[in-house]
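Let's take a friendly walk through one protein model. Please have the sequence and the 3D view ready, and look for each residue as it comes up.

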Amino acid sequence: MAVTNEQVTGHAFLKTLYGDGYYPDHLVDRGREILLRLCERVEAERPGDLDALYVLTQAATEEFNALQDAFWEAGSDIETVAREEIAGDVHFVARAYGFDGVDVEELIATRDW
């Protein structure tokens, strides 16, 4: 399923990470794919409340948790800059789909990075 939300299709996910050589582009690409899958799930499942949205965003967060080892193996890390960028993009996704009053920490509550 292709994402149809125009805000999302025009958004440059993880832009700061792509501009920093510390983060390997092929791993940032995988992170971008996680965020796009999140958008696809939001469009397909149409969560009706914050709790339903949090289930989706926290599942995406778990995917980022699993990606952490690949960053370490590449001599990188999901550290402060990456954490802020990922959290900001997950928050962007929530707002793009009409969830304005979200708690960013709750969106990514399952993170271990």
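## Aromatic pairs

How many aromatic pairs does a search of the whole structure find? In this predicted model, the search turns up three aromatic pairs. A pair of aromatic rings is described by the distance of the centres and the angle of the planes.

Begin with Tyr 22 and Tyr 23, whose rings lie 5.1 Å apart, centre to centre. Their planes make an angle of 80 degrees, and the pair is edge-to-face. Are these two residues buried or exposed? Tyr 22 has a relative accessibility of 36%, so it counts as partly exposed. Tyr 23 has a relative accessible area of 3%, so it is buried.

Another pair is formed by Phe 64 and Trp 113. Their ring centres are 6.2 Å apart and their planes stand at 70 degrees, so this pair is edge-to-face. Where does each partner sit? Phe 64 belongs to helix 4, while Trp 113 lies in the segment after helix 6 (104–107).

## Two helices side by side

Two packed helices are described by the angle between their axes and the distance between the axes. For helix 3 and helix 5 (residues 80–96), the angle is about 20 degrees and the axes are 11 Å apart. Angles under 35 degrees count as roughly parallel, so helix 3 and helix 5 are roughly parallel to each other. The crossing of helix 3 with helix 5 is right-handed.

Which residues meet here? Helix 3 brings Leu 35, Leu 38 and Cys 39, and helix 5 brings Asp 89, Val 90 and Val 93. Sorted by type, the residues of this contact are five nonpolar and one charged, with no polar ones.

## Two residues with positive phi

Now look for Leu 14, in the loop between helix 1 (6–9) and helix 2 (15–18). Leu 14 is not a glycine, yet its phi is positive, near 55 degrees. Is Leu 14 buried or exposed? Its relative accessible area is 1%, and buried means under 20%, so Leu 14 is buried.

Arg 46 also has a positive phi without being a glycine, with a value of about 45 degrees. You will find Arg 46 in the loop between helix 3 (25–45) and helix 4 (50–73). The relative accessibility of Arg 46 is 65%, so this residue counts as exposed.

With a relative accessibility of 75%, Gly 48 counts as exposed. Gly 48 and Leu 36 are 12 residues apart along the chain, and their C-alpha atoms are separated by 20 Å.

Now turn to Ala 59, which is in helix 4. How far from Ala 59 is the C-alpha atom of Thr 110? These two residues are 51 residues apart along the chain, and their C-alpha atoms are separated by 8.1 Å. Ala 59 has a relative accessibility of 28%, so it counts as partly exposed.

Notes:
Residues numbered from 1 in each chain as written. Predicted model: local features only at pLDDT ≥ 70, side-chain atom pairs only at ≥ 80, totals over all residues. Heavy atoms only, no water. Helix = DSSP H or I, 4+ residues; strand = E, 2+ residues; numbered from the N terminus. Buried < 20%, exposed > 50% of the residue type's maximum accessible area, 1.4 Å probe, protein only. Axes fitted to C-alpha atoms, helices over the stretch in contact; angles between N-to-C directions. Parallel < 35°, antiparallel > 145°, perpendicular 65-115°, else oblique. Left-handed = near helix turned anticlockwise from the far one by under 90°. Contact = heavy atoms within 4.5 Å. Nonpolar A, V, L, I, M, F, W, Y, C, P; charged D, E, K, R; others polar. Phe/Tyr/Trp six-rings, centres within 6.5 Å; stacked < 30°, edge-to-face > 60°.
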